[in-house]
Amino acid sequence: MTSRTAAPAAYCDHCGLPVAAVAANEPRYCCFGCRFAAAVAQESGDTGQLRWTLTRLGLAIFFSMNVMVFTLVLWSYDVYETPLEHGEAAFALRDLLRSVCLLLTAPVLLLLGAPLVENAWHDLRHGIFGVDFLMLLGVAAAFGYSIFSLVTNGPHVYFEVACMVLVVLTLGRWLEATGKLKTTEALRALEKLLPQSVRLIKNNVEHSVALESLQPGDEVLVLPGERIPIDGLITQNRASIDEQIVTGESMLCHKGPLDTVYAGSLNLDGALTIQVTAPPSESTLQRLLDAVVASAHAPGRWQRAADRWTRWFLPAVVSIAVLTVAVHGATGGVQPALLAGLSVLLIACPCALGLATPMAVWAALGRAALAGVLFRDGDALARLAQVDLFCFDKTGTLTTGQPVVENVVLADPAQRCDVLNLAGALAAVCSHRLTTAIKQFAPEPPLAMPSGPLPHDVTLHPGLGVSADFGGVIGVVGLGSRRFMEERGWSIPESLREVLHGASADERSLACLAHGGSVRAVFFFREQLRPEAAGAIKQLQTDGARVAVLSGDHTAAVLAPIAAVSVQVHTSLLPTDKQKMLSKLGGNVVAMVGDGVNDAPALAAADVGIALGCGADLSRDAADICLLGNDLDRLIWGIQFSRATVQTIKWNLIWAFSYNTIGVLLAAAGWLHPVFAALAMAASSLMVVSNSLQLQNFPLPPSAAPAKGVDDTSDSHDGVNDALSALAGNGRAEEFAAAGGGLS
Amino acid sequence: MMELLLVFMAGFLGSSHCVGMCGGFALSIGGASPSLWRNTQRQLFYTAGRVFTYSVLGAFMGFGGWRLSREFPALVNAPAVLALIAGVLLVYQGLATANVRPRRSRSDGRTPCLAGSFLANFLTAPGFGNVFLAGVFTGLLPCGLLYAMLALAGGTGDVFAGMAVMAVFGLGTAPLMLLAGCGGSLLTLRRRQHMLKIAAWCVVLTGVVSLARGVSFLQLSASAAPACLFCN
């Protein structure tokens with residue numbers, strides 16, 4: 001893993017988001033809301049408890065409602081504007097109402113003030129001079145002044161201000177924390193995929209042990225229908241395995257002894273014994289999770305800007321508040337000064353500004369991971385939206401990496417059927433991408449006799465080819481490179497020699513088939529374009545980006561369908577040439593899309609490096625963005641999603657910034673009552689939170705979309721099922737049924 | 001007095017509508033209770049919480065109405081306008097319930113996530129205090145009938161009168177909610193449907209009375225307006 005994804009310092013114990021301050025050996029929370037929400041969550045987990053924290057909030061709201069009603073009565077009788085007209089009775093009524101307000105306010109102060117004091121004290125001890133402390137000061141001032149006013153028969157009381165500020169502050173922060181928790185829901189759903197305990201096989205006896213205790217070399221048993229808990233090698237049995245969660249590949253794969261399996265993939269139909277190759281903390285799924293979590297911690301450009309503002313904001317706000325108190329105190333007396341100062345503190349609380357970027361980025365990173373797109377950090381997410389030049393690697397990126405047979409040239413056309421049958425039979429016994437192509441080759445016109453003799457004594461010649469004895473009149477048959485033919489001393493007929501000569505000039509990939517001592521046929525292969533490649537490139541161009549293809553070889557014919565949509569194609573580039581090409585092509589923000597194998601330098605050099613199919617091997621590449629699968633449509637999805645995210649961040653920032661500025665001006669002028677300031681503060685933060693959570697409703701790409709009937713938003717109660725259905729591809733149900741049907 | 005009686009009837013008969021919305025809450029409150037008496041107690045506390053919230057909201061609206069009519073006596077006849085708004089809302093709500101006007105289809109039925117998790121904590125908690133609080137917060141849930149009544153409370157232009165309207169309305173909703181919470185299905189489906197129909201027309205009637213009141217207020221202020229011109 002690159003240094004950019006180094007382990008972050010600490011996470012909030014409630015919402016799982018990164019926290020700045022590190023305090024050892026005690027619960028860590030990123031804010032007062034999370035501290036409060038964690039207390040609520042702990043109590044609701046334990047049904048025996050009285051859920052005191054939440055009851056406390058409820059009671060405080062109840063008392064505050066009472067205070068408000070009595071305050072309304074106080075106001076509506078306007079006893080303090082013209083008390084003399086109403087006489088002594090009005091004074092007595094006013095004092096009675098004020099005392100009732102005091103009696104009802106005191107419990108609110110105790111109920112909600114206490115946890116806030118606790119939090120502010122905790123912060124102060126760790127050297128954090130937070131907004132909560134300032135607000136406490138404001139509340140205390142309002143309450144103290146009211147008591148003073150009550151005792152000295154002063155003109156105004158502000159019990160309702162103290163109550164409402166506390167209630168709105170606590171409620172707002174708690175709802176905020178709940179929103180934050182939702183941004184990391186997708187990740188937690190992924191975490192829960194792995195079982196807590198596994199079946200360890202030791203001396204042929206099965207033990208149930210904790211997943212964390214597994215060591216490389218241990219053997220575990222994974223039954224059909226279970227998720228494979230760890231990376232390892234299969235030692236016994238075979239099974240169909242659904243690896244979409246790690247590789248993004250929606251086809252099932254069939255694995256047997258000595259095949260590698262990845263943590264998180266689903267064992268569909270075999271009881272596998274697996275030898276552990278990596279400790280649980282380094283398993284594929286865990287690294288995937290770590291990468292997403294780490295990406296949330298890396299502060300992006302937007303985040304740094306917001307942090308900078310926030311750093312300036314607090315001292316600025318305190319100065320404005322002090323100034324407000326001073327000016328109003330000099331001109332209008334103590335009470336308007338107090339109210340205006342408190343309003344400034346409340347409205348200027350930079351909560352919304354501080355939340356604007358991280359909330360959107362956190363929500364977006366989780367959603368993207370669910371779609372199989374991993375961003376290394378928030379910056380990559382933002383940069384992708386601005387890319388105006390996309391460079392594609394050819395082999396393995398625009399093409400599938402699995403060639404197909406383009407044509408066959410025969411030495412003697414009369415032998416067509418026999419030769420093709422021999423090739424098919426020989427190709428069937430070994431697995432190489434070229435033999436796979438021959439296996440899949442359906443000749444036109446079809447063969448009169450579709451199956452041929454069976455080979456025995458198959459010998460693999462690494463790097464050269466394969467040979468086998470078919471016995472009888474046929475004898476030894478060889479399939480392989482031209483060098484293989486020459487090393488074995490098999491003669492090449494004149495007609496084929498010409499063809500081979502032309503081919504070597506073109507660097508076309510080919511395979512020769514020989515039997516009876518001479519070469520009988522030459523198979524020519526070509527790469528095939530990914531089915532979605534042309535559509536994806538067209539989409540990029542429609543969106544106004546330029547597209548270029550950087551190819552290592554010069555067989556560009558395969559790109560014909562893409563070239564038709566005016567794409568620059570540069571061939572015969574060495575890996576370092578690709579890197580140079582990026583700057584030569586000159587885009588403002590350049591993205592390189594590759595498979596991360598031979599284009600790593602270019603991926604690292606581009607403004608945005610995008611690697612395909614890196615689910616099983618996240619640490620391998622230097623890419624900013626990893627597409628778990630090989631699907632270029634995910635790239636298009638990622639671009640659209642990053643644009644939506646940047647849009648959300650911008651709106652969040654614009655909203656938070658203008659709200660703070662206008663609010664502070666109003667409050668400093670004394671036109672904003674503290675109760676409304678508190679309400680506006682909470683509403684503003686909640687708006688930023690809910691606006692960011694909208695990103696979780698962004699539709700997933702069709703190939704990652706959940707099965708029919710399942711809602712694709714993550715606010716379903718069962719996050720795990722959601723994650724699963726989102727990660728399971730289309731048609732997965734049918735495949736599963738087919739696999740099950742095969743068993744029964 | 002006549003008006004409060006109508007409000008009570010609107011609450012009482014309109015509460016079959018409430019049972020649809022809040023009946024689920026009432027049921028979940030009673031769910032864990034060992035006995036009918038215990039359940040009834042819990043329901044009473046729950047209802048008391050709701051009535052409390054309605055009264056507070058009524059006080060706010062009454063105050064708001066009073067302030068409006070005081071601040072802009074010549075520009076807007078606040079009680080008249082509020083009474084008219086209430087009337088329109090009530091008639092609309094009543095007609096919608098009576099199926100005369102097509103009902104808006106229930107939107108996807110997804111619970112409001114944050115409020116939902118908040119309420120659930122109180123609904124299932126032991127102790128009467130929590131049930132009371134559940135009532136307090138349920139009273140804040142959005143409801144068309146409630147808004148119409150609040151507009152009516154605002155039209156009174158007085159803190160206490162507004163409180164009274166809403167308290168009476170809340171008390172009116174109590175009987176059926178208690179029944180729904182305790183007895184579950186003491187009423188047959190047919191009877192409930194009948195009830196719903198009558199309730200709907202009762203709500204319409206309250207709306208018409210409110211409209212008439214608003215119109216008479218407007219006429220009053222129209223005749224009073226020239227007098228003001230002479231005064232100044």
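Is I85(B) buried, partly exposed or exposed, and what is its relative accessibility? At 41% relative accessibility, I85(B) counts as partly exposed, because the class runs between buried, which is under 20% relative accessible area, and exposed, which is over 50%, with a 1.4 Å probe and protein chains only. The model is a predicted one, in which local features need pLDDT of at least 70 and side-chain atom pairs count only at pLDDT 80 or more, while totals for chains, interfaces and linings use all residues. Residues are numbered from 1 along each chain as its sequence is written, chains are lettered from A and ligands numbered from 1 in the order in which they are written, and side-chain values use heavy atoms, with hydrogens and water left out.

I85(B) lies in helix α3 of chain B, where helices (H or I, at least four residues) and strands (E, at least two) are DSSP runs numbered from the N terminus. Together with V81(B), L89(B) and Y147(B), I85(B) makes a nonpolar surface patch of about 320 Å². Such patches are made of residues with over 30% relative accessible area and no salt bridge, with like charges joined within 9 Å and nonpolar side chains (Val, Leu, Ile, Met, Phe, Trp, Tyr) within 5 Å; a salt bridge is a side-chain nitrogen of Lys or Arg within 4 Å of a carboxyl oxygen of Asp or Glu. Helix α3 (residues 78-97) of chain B gives the most to this patch, with three residues.

Chain A holds 26 helices and 22 strands, and of its 744 residues, 53% are buried. Its accessible surface comes to about 31600 Å², of which 60% belongs to carbon and sulfur atoms, the areas being found by the Shrake-Rupley method with a 1.4 Å probe, with only the protein chains shown counting as cover for residues.

Within chain A, strand β11 (residues 389-393) is mostly covered, since five of its five residues are buried. L389(A), C391(A) and D393(A) point one way from β11(A), whereas F390(A) and F392(A) point the other way. In a regular strand the side chains alternate between the two faces of the sheet. Two strands pair if DSSP finds at least two bridges between them, and β11(A) pairs in the parallel sense with strand β18 (residues 546-550) of chain A over five bridges, C391(A) standing opposite A548(A) in β18(A). β11(A) also pairs in the parallel sense with strand β20 (residues 590-594) of chain A, over four bridges, and here F392(A) stands opposite V593(A).

Elsewhere in chain A, three strands form an open antiparallel sheet in the order β6-β5-β8, with β6 (253-255) and β8 (266-267) as the edge strands, each pairing on one side only. Three bridges join strand β5 (residues 239-242) to β6(A), and the bridge partner of A239(A) in β6(A) is K255(A).

A search of the whole structure finds 15 aromatic pairs over all chains. The rings of Y145(A) and Y158(A) have centres 6.1 Å apart and planes at 35°, so this pair is tilted; rings of Phe, Tyr and Trp (its six-membered ring) pair if their centres lie within 6.5 Å, and planes under 30 degrees apart count as stacked, over 60 as edge-to-face and the rest as tilted. Y145(A) lies in helix α5 (residues 131-151) and Y158(A) in the loop between α5 and α6 (159-183), 13 residues apart. Y145(A) is buried at 15% relative accessibility, and Y158(A) is buried at 7%. Ring pairs also link F62(A), F63(A), F52(B) and F132(B) into a cluster.
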